[in-house]
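Please keep the sequence and the three-dimensional view at hand while reading.

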Amino acid sequence: MWEYTDKVLELFYNPKNQGTIEDKGEAGVEISTGEVGSIACGDALRLHIKVDQETDKIIDARFQTFGCTSAIASSEALVEIVKGKTLDEALKITNKDIAEYLGGLPQEKMHCSVMGQEALEAAVYNYRGIPLATHDDDDEGALICSCFGVSEPKIRRVIQENNLATAEEVTNYIKAGGGCGTCLASIDDIIIDVQRGITSSPQNSTNSNYISQPSGKKLTPVQQIALIQKVLDEEVRPVLIADGGDVELYDVEGDKVKVLLQGACGSCSSSTATLKIAIESRLKERISQNIVVEAV
Ligand code: FES
């Protein structure tokens, strides 16, 4: 029998936010869903968020969870925490915040709080139009635990965010190592790397191609291009079109974003200023300070 806090039991017995959000076609709002886990693995969480498009605020949220007491309580806690937050604020929520809101979780159940954080990220990424084969970019790294499909970046991240010191703790948080156990030595190695401040293993060095959002989240190259296109389409092009110009994304090489200026922008003597001010600064602000825009 697990030792649960009163808050866990309260939210488990009286969840107020279970279910879905009906799409009534309201203007200015959008509903997005993030899903993690699988029923076959014992836990699954589907989080629905309703976003005010003008303010970027989450004005409602609901969950559908298949799982144990702590999975239900973590989902309910997540919804209570996230309501009223902007999407950027929501992306800063960690699994520790969820566990603390609950007054703590048994170590063996910490993976429920991680699942909540991941579902939230998936819902926000989905809203922002970032294509995801799975819920997050962590899956781009080397696969460490084949039993539970857990990659090195994900293990590294949970160790760092929660100051984990043993493979057993990692298993409690993200299940990795909890099956056949053949990955436990690799998990121990990653823990040592993290404690020594080694940021990634050689086989995962391709992650240096990723860029960070202001939230600190890393984007894969595909996510990066999709987000650049989204920012251009929604925040840059309308301004340029209003001035008789336009811009088209030509290519992305690391942090270098190549664009084609069109219409009035292409022949305008102040096109360099347009690039730097209207395009580069917006991409820096929304995606990464390292971005450099070039006209081709
Ligand atoms: S490979 Fe990780 S538990 Fe089997």
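In α5, Met110, His111 and Val114 meet Asn172, Tyr173 and Ile174 of α7; two residues are in contact if their C-beta atoms, placed from the backbone, lie within 7 Å. By class, this contact of α5 with α7 has four nonpolar, two polar and no charged residues, where Ala, Val, Leu, Ile, Met, Phe, Trp, Tyr, Cys and Pro count as nonpolar, Asp, Glu, Lys and Arg as charged, and the others, Gly among them, as polar. The model is a predicted one, in which local features need pLDDT of at least 70 and side-chain atom pairs count only at pLDDT 80 or more, while totals for chains, interfaces and linings use all residues. Residues are numbered from 1 along each chain as its sequence is written.

**The chain as a whole**

- The secondary structure comes to eleven helices and ten strands; helices (H or I, at least four residues) and strands (E, at least two) are DSSP runs, numbered from the N terminus.
- Of the chain's 296 residues, 40% count as buried, a residue being buried if 20 or more other C-beta atoms lie within 10 Å of its own, exposed if 12 or fewer, and partly exposed in between, with C-beta atoms placed from the backbone.
- Among contacts between residues at least 6 apart in sequence, 56% join residues at least 24 apart.

**Helix α5 and its surroundings**

- The axes of α5 (residues 110-127) and α7 (residues 167-174) come within 5 Å and cross at roughly 50 degrees; axes are lines fitted to C-alpha atoms, for helices over the stretch in contact, and angles run from 0 to 180 degrees between N-to-C directions.
- The two helices α5 and α7 are therefore oblique to each other, given that angles under 35 degrees count as roughly parallel, over 145 as roughly antiparallel, 65 to 115 as roughly perpendicular and the rest as oblique.
- Because 17 of its 18 residues are buried, α5 is largely enclosed by the rest of the structure.
- The 18 residues of α5 should span 26 Å at 1.5 Å a residue, which agrees with the 27 Å between its end C-alpha atoms; the expected span is 1.5 Å times one less than the number of residues.
- Glycine 129, which follows α5, has a positive phi near 75 degrees.

**Helices α1 and α2**

- Helix α1 (residues 6-13) and helix α2 (residues 69-82) have axes that come within 8 Å and cross at roughly 85 degrees.
- That makes α1 roughly perpendicular to α2.
- Val8, Leu11 and Phe12 of α1 meet several residues of α2, among them Ile72, Ala73 and Glu76.
- This contact of α1 with α2 has six nonpolar, two polar and one charged residues.

**The sheet of β8, β9 and β10**

- Three strands form an open sheet in the order β8-β9-β10, with mixed pairing; two strands pair if DSSP finds at least two bridges between them.
- Both β8 (245-253) and β10 (292-295) stand at the edges with a single partner strand each, so one side of each is left without a neighbour in the sheet.
- From one strand to the next, the twist averages 35 degrees.
- Strand β9 (residues 256-263) runs parallel to β10 and is joined to β10 by four bridges; valine 259 has alanine 295 in β10 as its bridge partner.
- Helix α9 (residues 221-242) lies across β8 and β9, at about 165 degrees to β8.

**Aspartate 43**

- Aspartate 43 is placed in strand β2 (residues 43-52) and is partly exposed, with 19 other C-beta atoms within 10 Å.
- Not counting residues up to four places away in sequence, aspartate 43 touches residues including Phe66, Ala71, Cys112 and Met115.
- Aspartate 43 and isoleucine 72 are 29 residues apart in sequence and 9.8 Å apart in space, C-alpha to C-alpha.
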